[in-house]
Amino acid sequence: MKKTYTYRLEELDSLADRIISQLQEGVIILKGDLAAGKTTLVKNIAKKLGLSEDVTSPTFSLQQCYGEKLFHYDIYNHGLDHFISLGMLEELEKPGLHFIEWGSDELVDILVSAGIETVTIEIEKISDDAREYTICTH
């Protein structure tokens with residue numbers, strides 16, 4: 001199932017509420033150009049979950065954990081093969097929400113075949129303060 005929504009930055013709480021209400025566990029693959037708002041979305045969801053940690057992009061650390069049930073990954077610098085070789089697929093089996101920036105269709109196929117609930121959110125910048133979010137449940 002695929003749905004598309006348009007939100008301005010100040011309306012992002014609505015999208016965060018929608019995601020949290022529909023998915024309490026699983027993997028959310030975030031796709032979009034640089035500065036599309038991938039980390040901004042994760043920040044908003046963390047805030048809605050009541051987490052006070054400062055959410056930052058895990059570009060250089062590969063993984064950030066917030067609380068006990070929010071995990072944030074970025075595989076842009078190292079790629080899928082490195083992610084898998086580090087055993088990170090096992091991390092995705094932990095209870096909670098796992099956000100992966102720069103995930104590929106190949107990763108989606110692996111997760112779906114492993115029975116891990118997976119959602120893809122494609123973010124497209126349509127103006128300086130608005131984004132289009134296409135959400136696809138696999």
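Predicted model: local features only at pLDDT ≥ 70, side-chain atom pairs only at ≥ 80, totals over all residues.
Which residue in strand 7 is the bridge partner of Thr120? In strand 7, Thr120 is bridged to Cys136.

Residues are numbered from 1 along each chain as its sequence is written, and side-chain values use heavy atoms, with hydrogens and water left out.

**The whole chain**

The chain holds five helices and seven strands; helices (H or I, at least four residues) and strands (E, at least two) are DSSP runs, numbered from the N terminus. Along the sequence their order reads β-α-β-α-β-β-α-α-β-α-β-β. The C-alpha atoms fill a box of roughly 40 × 30 × 30 Å, taken along the principal axes. The radius of gyration is 14 Å, which agrees with the value near 14 Å for a compact globule of 138 residues. That radius is taken over C-alpha atoms, and the globule rule is 2.2 Å times the number of residues to the power 0.38.

Buried residues make up 45% of the 138 residues. Here buried means under 20% relative accessible area, exposed means over 50%, and partly exposed lies in between (1.4 Å probe, protein chains only). Contact means heavy atoms within 4.5 Å. Among contacts between residues at least 6 apart in sequence, 61% join residues at least 24 apart.

**How the strands pair**

Two strands count as paired if DSSP finds at least two bridges between them. The table gathers the pairings.

| Strands | Sense | Bridges |
|---|---|---|
| Strand 3 (residues 63–66) and strand 4 | antiparallel | four bridges |
| Strand 4 and strand 5 (residues 97–101) | parallel | five bridges |
| Strand 2 and strand 6 | parallel | six bridges |
| Strand 6 and strand 7 (residues 130–137) | antiparallel | eight bridges |

Strand 4 (residues 70–74) is mostly covered, with five of its five residues buried. Leu70, His72 and Asp74 point one way from this strand, while Phe71 and Tyr73 point the other way. On the strand 5 side, Asp74 has Glu101 as its bridge partner. Strand 3 and strand 4 form a hairpin with three residues between the strands, and there Gly67 takes a positive phi near 65°.

Strand 6 takes part in two pairings, with strand 2 and with strand 7. Strand 6 and strand 7 form a hairpin with two residues between them. Ile123 is found in strand 6 and counts as buried because its relative accessibility is 5%. Leaving aside neighbours within four places in sequence, Ile123 touches residues including Lys31, Ala36, Leu41, Arg131 and Tyr133.

**Helix 2 and what covers it**

In helix 2 (residues 38–48), the buried residues are Lys38, Thr39, Leu41, Val42, Asn44, Ile45 and Ala46. Their cover includes helix 1 (12–22), strand 2 (26–32), strand 4, strand 5 and strand 6 (118–127). Just after helix 2, Gly50 takes a positive phi of about 80°.

**Two loop residues**

Which kind of phi does Leu62 have, positive or negative? Phi of Leu62 is near 75°, a positive value in a residue other than glycine. Leu62 sits in the loop between helix 2 and strand 3, and is buried because its relative accessibility is 7%.

Trp102 likewise is not a glycine and has a positive phi of about 70°. Its place is the loop between strand 5 and helix 5 (105–113). Trp102 is partly exposed, since its relative accessible area is 25%.
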